[in-house]
Amino acid sequence: MTSATIDRAAIEASRAERIDWRFKGLPAALHGLTLAEAAARRLDLFEDGFWGPVVVLDAPAMRHNLDTMSAWCADNGLRLAPHGKTTMAPQLFADQLDAGAWGITAANASQLRVYRAFGVGRVLLANQLVDPAALRWLSGELDRDPGFEFVCWADSVRGVRLMTEALTAAGGSRPVDVLVELGGENGRTGARDLDTAVAVGEAIAASPVLRLAGTGGYEAAVAHGDLATKTSTVDEYLARLRELTVRLAGHIDGQVIVTAGGSAYFDQVAAAITEPWPDGLDVLPVLRSGAYLTHDDGYYRQYSPFGREHRLGGGSPFRSGLRAWAQVTSRPEPRLALLTVGKRDVSFDEGFPEPQLLRSGTSTTALAGCEISALNDQHAFLRLASDNQVEVGDWVGLGLSHPCTVFDKWQLLPVVEGTTVVDYVRTWF
(Lines give C-alpha, C1' and ligand atoms only; values in the text may rest on other atoms or scores of the structure.)
Protein backbone atom coordinates (compact mmCIF):
# COMPACT_ATOMS: atom_id res chain seq x y z
CA MET A 1 0.00 0.00 0.00
CA THR A 2 1.20 3.50 -0.81
CA SER A 3 1.23 6.51 1.49
CA ALA A 4 -2.06 8.30 1.98
CA THR A 5 -2.93 11.36 -0.03
CA ILE A 6 -3.46 14.86 1.33
CA ASP A 7 -4.87 17.98 -0.32
CA ARG A 8 -1.79 20.13 -0.97
CA ALA A 9 -3.95 22.91 -2.39
CA ALA A 10 -5.92 23.12 0.86
CA ILE A 11 -2.70 23.38 2.85
CA GLU A 12 -1.38 26.06 0.53
CA ALA A 13 -4.69 27.95 0.77
CA SER A 14 -4.43 27.90 4.57
CA ARG A 15 -1.14 29.74 4.25
CA ALA A 16 -3.05 32.72 2.87
CA GLU A 17 -4.46 33.32 6.36
CA ARG A 18 -3.33 36.68 7.70
CA ILE A 19 -1.52 37.13 10.99
CA ASP A 20 -3.13 39.35 13.61
CA TRP A 21 -3.69 39.65 17.37
CA ARG A 22 -5.06 36.08 17.62
CA PHE A 23 -1.60 34.55 17.41
CA LYS A 24 0.40 35.01 20.60
CA GLY A 25 4.08 35.73 20.67
CA LEU A 26 4.36 37.09 17.13
CA PRO A 27 5.72 40.56 16.28
CA ALA A 28 3.24 43.31 15.55
CA ALA A 29 5.25 43.94 12.38
CA LEU A 30 3.82 40.71 10.94
CA HIS A 31 0.19 41.75 11.38
CA GLY A 32 -1.58 41.80 8.05
CA LEU A 33 0.87 39.47 6.33
CA THR A 34 -0.09 35.98 5.20
CA LEU A 35 1.72 33.03 6.73
CA ALA A 36 3.63 32.58 3.49
CA GLU A 37 4.61 36.24 3.37
CA ALA A 38 5.71 36.16 7.01
CA ALA A 39 7.89 33.10 6.38
CA ALA A 40 9.58 34.89 3.49
CA ARG A 41 10.66 37.69 5.87
CA ARG A 42 13.01 35.26 7.71
CA LEU A 43 12.92 37.27 10.91
CA ASP A 44 15.26 36.74 13.83
CA LEU A 45 13.60 35.31 16.92
CA PHE A 46 15.32 37.77 19.25
CA GLU A 47 16.10 40.80 17.13
CA ASP A 48 12.81 41.29 15.31
CA GLY A 49 10.19 41.76 17.99
CA PHE A 50 8.87 38.34 19.01
CA TRP A 51 7.18 38.46 22.42
CA GLY A 52 7.71 35.98 25.23
CA PRO A 53 6.58 33.40 25.81
CA VAL A 54 6.92 31.77 22.43
CA VAL A 55 7.20 28.07 21.58
CA VAL A 56 9.20 27.26 18.47
CA LEU A 57 9.79 24.19 16.32
CA ASP A 58 13.33 23.24 15.32
CA ALA A 59 13.40 22.48 11.58
CA PRO A 60 16.66 20.43 11.47
CA ALA A 61 15.55 18.32 14.45
CA MET A 62 12.18 17.53 12.88
CA ARG A 63 13.82 16.58 9.57
CA HIS A 64 16.20 14.25 11.41
CA ASN A 65 13.31 12.63 13.28
CA LEU A 66 11.24 12.19 10.12
CA ASP A 67 14.14 10.54 8.30
CA THR A 68 15.09 8.37 11.29
CA MET A 69 11.59 7.00 11.84
CA SER A 70 10.92 6.50 8.14
CA ALA A 71 14.12 4.51 7.63
CA TRP A 72 13.59 2.45 10.77
CA CYS A 73 10.02 1.49 9.81
CA ALA A 74 11.13 0.55 6.31
CA ASP A 75 14.00 -1.55 7.65
CA ASN A 76 11.66 -3.41 10.01
CA GLY A 77 8.75 -4.01 7.63
CA LEU A 78 6.29 -1.65 9.28
CA ARG A 79 3.71 0.87 8.13
CA LEU A 80 3.42 4.11 10.09
CA ALA A 81 0.15 5.94 10.75
CA PRO A 82 1.35 8.66 13.14
CA HIS A 83 -1.15 10.02 15.62
CA GLY A 84 -2.11 13.42 14.30
CA LYS A 85 -3.62 14.51 17.61
CA THR A 86 -0.07 15.31 18.75
CA THR A 87 0.19 18.33 16.45
CA MET A 88 -3.18 18.77 14.70
CA ALA A 89 -1.14 20.47 11.98
CA PRO A 90 -1.96 19.33 8.42
CA GLN A 91 1.23 21.01 7.22
CA LEU A 92 3.18 18.57 9.40
CA PHE A 93 0.93 15.68 8.34
CA ALA A 94 2.10 16.38 4.78
CA ASP A 95 5.73 16.18 5.91
CA GLN A 96 5.04 12.84 7.58
CA LEU A 97 3.29 11.48 4.49
CA ASP A 98 6.12 12.72 2.28
CA ALA A 99 8.47 10.75 4.52
CA GLY A 100 6.50 7.58 3.79
CA ALA A 101 3.72 7.47 6.41
CA TRP A 102 0.94 5.06 5.41
CA GLY A 103 -1.85 7.16 6.95
CA ILE A 104 -2.71 9.48 9.83
CA THR A 105 -4.38 8.41 13.10
CA ALA A 106 -7.16 10.39 14.80
CA ALA A 107 -8.67 10.10 18.26
CA ASN A 108 -12.18 11.48 17.73
CA ALA A 109 -14.67 12.59 15.10
CA SER A 110 -13.85 16.28 15.40
CA GLN A 111 -10.23 15.56 14.56
CA LEU A 112 -11.39 13.39 11.66
CA ARG A 113 -13.36 16.34 10.27
CA VAL A 114 -10.21 18.49 10.33
CA TYR A 115 -8.28 15.75 8.54
CA ARG A 116 -10.90 15.52 5.84
CA ALA A 117 -10.99 19.30 5.41
CA PHE A 118 -7.37 18.91 4.32
CA GLY A 119 -8.03 15.82 2.23
CA VAL A 120 -6.23 13.16 4.30
CA GLY A 121 -7.01 10.06 2.28
CA ARG A 122 -6.37 7.26 4.80
CA VAL A 123 -7.38 7.67 8.45
CA LEU A 124 -7.27 5.25 11.36
CA LEU A 125 -9.62 6.36 14.16
CA ALA A 126 -8.20 4.81 17.34
CA ASN A 127 -11.48 4.78 19.23
CA GLN A 128 -14.95 3.29 19.12
CA LEU A 129 -17.19 5.68 17.15
CA VAL A 130 -20.79 5.47 18.33
CA ASP A 131 -22.14 9.03 17.93
CA PRO A 132 -25.03 8.85 15.41
CA ALA A 133 -24.43 12.31 13.99
CA ALA A 134 -20.73 11.60 13.45
CA LEU A 135 -21.53 8.25 11.85
CA ARG A 136 -24.03 9.86 9.47
CA TRP A 137 -21.39 12.38 8.47
CA LEU A 138 -18.81 9.60 8.02
CA SER A 139 -21.17 7.61 5.84
CA GLY A 140 -21.71 10.61 3.61
CA GLU A 141 -17.98 11.30 3.44
CA LEU A 142 -17.23 7.73 2.37
CA ASP A 143 -19.83 7.97 -0.40
CA ARG A 144 -18.63 11.43 -1.47
CA ASP A 145 -15.02 10.30 -1.89
CA PRO A 146 -14.53 6.73 -3.17
CA GLY A 147 -10.79 7.07 -2.55
CA PHE A 148 -11.19 7.79 1.16
CA GLU A 149 -9.98 4.86 3.30
CA PHE A 150 -11.17 4.74 6.89
CA VAL A 151 -10.92 2.27 9.76
CA CYS A 152 -12.02 2.64 13.39
CA TRP A 153 -12.15 0.49 16.52
CA ALA A 154 -14.82 -1.32 18.52
CA ASP A 155 -14.51 -2.85 21.98
CA SER A 156 -18.07 -3.92 22.82
CA VAL A 157 -20.98 -5.72 21.21
CA ARG A 158 -23.21 -2.80 22.20
CA GLY A 159 -20.89 -0.42 20.40
CA VAL A 160 -21.11 -2.57 17.29
CA ARG A 161 -24.91 -2.52 17.53
CA LEU A 162 -25.01 1.27 17.87
CA MET A 163 -22.68 1.68 14.89
CA THR A 164 -24.80 -0.70 12.84
CA GLU A 165 -28.04 1.11 13.68
CA ALA A 166 -26.65 4.56 12.86
CA LEU A 167 -24.99 3.50 9.61
CA THR A 168 -28.05 1.55 8.47
CA ALA A 169 -30.19 4.63 9.04
CA ALA A 170 -27.66 6.75 7.12
CA GLY A 171 -28.12 4.51 4.08
CA GLY A 172 -24.57 4.79 2.77
CA SER A 173 -23.27 2.50 0.06
CA ARG A 174 -19.87 1.65 1.63
CA PRO A 175 -19.25 -0.47 4.73
CA VAL A 176 -17.06 0.87 7.53
CA ASP A 177 -13.90 -1.06 8.32
CA VAL A 178 -13.51 -1.85 12.03
CA LEU A 179 -10.72 -3.30 14.19
CA VAL A 180 -11.39 -5.09 17.46
CA GLU A 181 -9.67 -3.16 20.24
CA LEU A 182 -7.98 -5.20 22.93
CA GLY A 183 -7.38 -3.54 26.28
CA GLY A 184 -6.03 -4.75 29.58
CA GLU A 185 -6.40 -4.57 33.31
CA ASN A 186 -6.06 -1.01 34.65
CA GLY A 187 -5.82 0.18 31.08
CA ARG A 188 -7.96 2.51 29.04
CA THR A 189 -10.51 1.41 26.44
CA GLY A 190 -10.51 -2.02 24.83
CA ALA A 191 -12.08 -5.41 25.58
CA ARG A 192 -10.55 -6.79 28.76
CA ASP A 193 -10.39 -10.46 27.81
CA LEU A 194 -10.01 -12.50 24.66
CA ASP A 195 -13.45 -14.10 24.71
CA THR A 196 -15.13 -10.69 24.89
CA ALA A 197 -12.90 -9.40 22.11
CA VAL A 198 -13.74 -12.41 19.92
CA ALA A 199 -17.46 -11.78 20.50
CA VAL A 200 -16.97 -8.17 19.38
CA GLY A 201 -15.21 -9.38 16.25
CA GLU A 202 -17.99 -11.84 15.47
CA ALA A 203 -20.57 -9.06 15.89
CA ILE A 204 -18.65 -6.85 13.46
CA ALA A 205 -18.42 -9.67 10.94
CA ALA A 206 -22.18 -10.24 11.21
CA SER A 207 -23.09 -6.58 10.67
CA PRO A 208 -24.38 -5.67 7.20
CA VAL A 209 -22.74 -2.24 7.32
CA LEU A 210 -19.41 -3.05 8.96
CA ARG A 211 -16.38 -5.05 7.83
CA LEU A 212 -13.97 -6.73 10.23
CA ALA A 213 -10.50 -5.58 9.19
CA GLY A 214 -8.22 -6.66 12.03
CA THR A 215 -7.18 -5.86 15.58
CA GLY A 216 -5.61 -2.98 17.45
CA GLY A 217 -4.77 -1.50 20.82
CA TYR A 218 -2.49 0.73 22.84
CA GLU A 219 0.19 -1.04 24.82
CA ALA A 220 1.25 1.98 26.92
CA ALA A 221 -2.16 1.99 28.60
CA VAL A 222 -1.24 -1.22 30.43
CA ALA A 223 2.36 -0.24 31.22
CA HIS A 224 2.69 0.46 34.93
CA GLY A 225 5.51 0.26 37.48
CA ASP A 226 9.25 0.43 36.83
CA LEU A 227 10.70 0.01 33.34
CA ALA A 228 11.31 -3.74 33.73
CA THR A 229 7.72 -4.30 34.86
CA LYS A 230 6.37 -2.11 32.09
CA THR A 231 8.41 -3.98 29.51
CA SER A 232 7.12 -7.34 30.73
CA THR A 233 3.50 -6.16 30.87
CA VAL A 234 3.71 -4.76 27.35
CA ASP A 235 5.10 -8.06 26.03
CA GLU A 236 2.27 -9.99 27.69
CA TYR A 237 -0.28 -7.62 26.19
CA LEU A 238 1.18 -7.96 22.70
CA ALA A 239 1.13 -11.75 22.96
CA ARG A 240 -2.60 -11.53 23.69
CA LEU A 241 -3.08 -9.20 20.73
CA ARG A 242 -1.43 -11.79 18.50
CA GLU A 243 -3.65 -14.53 19.90
CA LEU A 244 -6.75 -12.44 19.29
CA THR A 245 -5.70 -11.79 15.70
CA VAL A 246 -5.28 -15.50 15.01
CA ARG A 247 -8.64 -16.34 16.59
CA LEU A 248 -10.42 -13.76 14.42
CA ALA A 249 -8.57 -14.47 11.19
CA GLY A 250 -11.32 -16.74 9.83
CA HIS A 251 -13.78 -13.83 9.93
CA ILE A 252 -11.54 -11.47 7.92
CA ASP A 253 -11.42 -11.37 4.14
CA GLY A 254 -8.06 -10.31 2.73
CA GLN A 255 -5.21 -8.58 4.49
CA VAL A 256 -5.41 -8.22 8.28
CA ILE A 257 -4.46 -4.91 9.90
CA VAL A 258 -2.74 -5.24 13.28
CA THR A 259 -1.91 -1.93 14.91
CA ALA A 260 -0.41 -0.74 18.17
CA GLY A 261 2.54 1.40 19.16
CA GLY A 262 2.68 4.75 20.85
CA SER A 263 6.02 6.53 21.10
CA ALA A 264 7.44 4.72 24.14
CA TYR A 265 7.37 0.98 23.36
CA PHE A 266 7.23 0.77 19.59
CA ASP A 267 10.31 -1.46 19.49
CA GLN A 268 8.42 -4.15 21.41
CA VAL A 269 5.36 -3.65 19.23
CA ALA A 270 7.46 -3.99 16.09
CA ALA A 271 9.07 -7.19 17.34
CA ALA A 272 5.67 -8.69 18.19
CA ILE A 273 3.65 -7.82 15.10
CA THR A 274 6.31 -8.43 12.44
CA GLU A 275 7.43 -11.89 13.52
CA PRO A 276 6.00 -14.70 11.33
CA TRP A 277 2.26 -15.32 11.63
CA PRO A 278 0.76 -18.83 11.53
CA ASP A 279 -0.90 -20.37 8.50
CA GLY A 280 0.43 -17.71 6.16
CA LEU A 281 -1.78 -15.04 7.70
CA ASP A 282 -1.36 -11.86 5.62
CA VAL A 283 -0.83 -9.15 8.25
CA LEU A 284 -0.27 -5.45 7.65
CA PRO A 285 1.63 -4.24 10.76
CA VAL A 286 0.92 -0.59 11.54
CA LEU A 287 2.55 1.63 14.16
CA ARG A 288 0.76 4.77 15.36
CA SER A 289 3.63 6.62 17.05
CA GLY A 290 3.06 10.37 16.86
CA ALA A 291 5.43 12.10 19.27
CA TYR A 292 8.54 11.05 17.33
CA LEU A 293 8.21 14.09 15.03
CA THR A 294 9.27 16.59 17.69
CA HIS A 295 10.36 14.15 20.41
CA ASP A 296 10.90 16.00 23.73
CA ASP A 297 13.22 16.82 26.62
CA GLY A 298 11.45 14.74 29.22
CA TYR A 299 9.10 11.76 29.06
CA TYR A 300 9.98 10.46 25.61
CA ARG A 301 13.66 11.26 26.00
CA GLN A 302 13.54 8.74 28.85
CA TYR A 303 11.23 6.10 27.38
CA SER A 304 11.65 6.24 23.62
CA PRO A 305 13.36 3.13 22.22
CA PHE A 306 15.92 5.45 20.64
CA GLY A 307 16.67 6.91 24.06
CA ARG A 308 17.21 3.55 25.78
CA GLU A 309 18.21 0.01 24.87
CA HIS A 310 15.63 -1.42 22.49
CA ARG A 311 14.67 -4.71 20.92
CA LEU A 312 15.36 -4.09 17.25
CA GLY A 313 18.48 -2.76 15.61
CA GLY A 314 18.94 0.44 13.66
CA GLY A 315 17.92 3.99 14.22
CA SER A 316 19.60 6.84 16.02
CA PRO A 317 18.46 9.06 18.88
CA PHE A 318 15.63 11.41 18.11
CA ARG A 319 16.27 15.11 18.70
CA SER A 320 14.02 17.45 20.62
CA GLY A 321 12.24 19.71 18.14
CA LEU A 322 10.36 21.88 20.66
CA ARG A 323 11.57 24.78 22.79
CA ALA A 324 9.89 27.52 24.75
CA TRP A 325 11.52 30.91 25.18
CA ALA A 326 10.41 33.14 28.04
CA GLN A 327 11.77 36.28 29.66
CA VAL A 328 12.79 36.80 33.25
CA THR A 329 10.15 39.17 34.56
CA SER A 330 11.00 39.26 38.29
CA ARG A 331 13.84 38.49 40.72
CA PRO A 332 11.95 38.80 44.04
CA GLU A 333 14.26 36.58 46.12
CA PRO A 334 17.85 35.31 45.99
CA ARG A 335 18.07 32.27 43.72
CA LEU A 336 14.51 32.72 42.45
CA ALA A 337 13.45 34.13 39.11
CA LEU A 338 9.95 34.30 37.64
CA LEU A 339 9.55 33.63 33.92
CA THR A 340 6.75 34.76 31.64
CA VAL A 341 5.56 31.25 30.82
CA GLY A 342 3.02 28.98 32.50
CA LYS A 343 0.42 26.25 32.20
CA ARG A 344 -1.35 28.15 29.43
CA ASP A 345 1.77 27.89 27.29
CA VAL A 346 3.67 24.64 27.95
CA SER A 347 3.11 21.04 29.02
CA PHE A 348 3.30 20.06 32.67
CA ASP A 349 1.48 16.70 32.88
CA GLU A 350 4.64 14.60 32.38
CA GLY A 351 7.24 16.84 34.00
CA PHE A 352 8.02 20.54 34.20
CA PRO A 353 10.02 22.38 31.54
CA GLU A 354 13.78 21.99 31.68
CA PRO A 355 15.92 25.20 31.77
CA GLN A 356 18.61 24.77 29.13
CA LEU A 357 19.74 28.06 27.63
CA LEU A 358 20.24 31.66 28.71
CA ARG A 359 20.20 34.54 26.26
CA SER A 360 21.56 37.75 27.73
CA GLY A 361 21.98 40.57 25.24
CA THR A 362 23.09 38.91 22.01
CA SER A 363 24.86 35.99 23.67
CA THR A 364 23.36 32.52 24.22
CA THR A 365 24.98 30.16 26.74
CA ALA A 366 24.10 26.96 28.58
CA LEU A 367 22.11 27.39 31.79
CA ALA A 368 23.23 24.79 34.32
CA GLY A 369 22.08 23.80 37.77
CA CYS A 370 18.62 25.37 37.54
CA GLU A 371 15.14 23.87 37.65
CA ILE A 372 11.52 24.87 37.30
CA SER A 373 9.96 24.11 40.68
CA ALA A 374 6.38 25.22 39.97
CA LEU A 375 4.11 26.56 37.24
CA ASN A 376 1.17 28.93 37.61
CA ASP A 377 -1.15 29.89 34.78
CA GLN A 378 1.32 32.45 33.41
CA HIS A 379 4.45 32.16 35.58
CA ALA A 380 7.28 29.68 35.99
CA PHE A 381 9.35 29.53 39.17
CA LEU A 382 12.99 29.19 38.17
CA ARG A 383 15.23 28.05 41.04
CA LEU A 384 18.81 29.19 40.45
CA ALA A 385 22.15 27.64 41.30
CA SER A 386 23.56 31.06 42.18
CA ASP A 387 22.09 34.48 42.77
CA ASN A 388 23.62 36.18 39.74
CA GLN A 389 22.79 33.61 37.06
CA VAL A 390 20.00 35.57 35.40
CA GLU A 391 18.70 39.13 35.37
CA VAL A 392 15.33 40.69 34.66
CA GLY A 393 14.92 40.93 30.89
CA ASP A 394 17.06 37.88 30.04
CA TRP A 395 15.56 35.12 27.92
CA VAL A 396 15.52 31.50 29.11
CA GLY A 397 15.21 28.59 26.67
CA LEU A 398 13.22 25.67 28.05
CA GLY A 399 13.11 22.07 26.91
CA LEU A 400 9.59 20.61 27.07
CA SER A 401 8.19 17.20 27.98
CA HIS A 402 5.24 15.44 26.31
CA PRO A 403 4.56 17.29 23.04
CA CYS A 404 0.94 16.12 22.95
CA THR A 405 0.06 18.79 25.52
CA VAL A 406 2.13 21.60 23.99
CA PHE A 407 0.71 22.04 20.50
CA ASP A 408 -2.87 22.57 21.68
CA LYS A 409 -1.77 25.77 23.45
CA TRP A 410 -0.52 27.41 20.24
CA GLN A 411 -2.45 28.25 17.09
CA LEU A 412 0.68 29.29 15.23
CA LEU A 413 4.24 28.16 15.92
CA PRO A 414 7.38 29.65 14.37
CA VAL A 415 9.76 27.14 12.79
CA VAL A 416 13.41 28.04 13.31
CA GLU A 417 16.84 27.22 11.98
CA GLY A 418 19.10 28.58 14.68
CA THR A 419 17.42 31.89 15.54
CA THR A 420 16.07 32.52 12.03
CA VAL A 421 12.33 31.93 11.61
CA VAL A 422 11.92 30.05 8.33
CA ASP A 423 8.24 29.09 8.50
CA TYR A 424 5.05 29.07 10.57
CA VAL A 425 2.91 26.03 11.39
CA ARG A 426 -0.84 26.42 11.94
CA THR A 427 -2.62 24.05 14.33
CA TRP A 428 -6.32 23.21 14.31
CA PHE A 429 -7.53 22.07 17.74
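Which residue takes a positive phi in the hairpin of S12 and S13? The close-up views below, taken from a predicted model, begin with this hairpin.

**View A. The hairpin of strands S12 and S13.** Glycine 361 takes the positive phi, near 70 degrees, in this hairpin, where 2 residues lie between the strands. Strand S13 (residues 363-366) runs antiparallel to S12 and is joined to S12 by 4 bridges. One of the residues involved is leucine 357, whose bridge partner in S13 is alanine 366.

**View B. The pairing of strands S12 and S16.** S12 (residues 354-360) also pairs with S16 (residues 395-399), in the antiparallel sense and over 5 bridges. Within this pairing, tryptophan 395 of S16 stands opposite arginine 359.

View C. Helix H4 is largely enclosed by the rest of the structure, because 7 of its 9 residues are buried. These buried residues are Pro90, Gln91, Leu92, Phe93, Ala94, Gln96 and Leu97. Glycine 100, which follows H4, has a positive phi near 110 degrees.

**View D. Helix H5 and its packing.** In H5 (residues 109-117), the buried residues are Gln111, Leu112, Val114, Tyr115 and Arg116. They pack against helices H4 (90-98) and H6 (132-144), and against strands S3 (104-106), S4 (122-128) and S5 (149-154). At the start of the helix, the backbone nitrogen of serine 110 lies within 3.2 Å of a side-chain oxygen of asparagine 108. Just after H5, glycine 119 adopts a positive phi of about 70 degrees.

Terms used
Residues are numbered from 1 along each chain as its sequence is written. This is a predicted model: local features need pLDDT of at least 70, side-chain atom pairs count only at pLDDT 80 or more; totals for chains, interfaces and linings use all residues. Side-chain values use heavy atoms; hydrogens and water are left out. Two strands pair if DSSP finds at least two bridges between them. Buried means under 20% relative accessible area, exposed over 50%, partly exposed in between (1.4 Å probe, protein chains only). Contact means heavy atoms within 4.5 Å. A polar contact is a pair of N or O atoms within 3.5 Å; within protein, one must be able to donate a hydrogen and the other to accept it, and residues adjacent in sequence count only if both atoms are side-chain atoms.
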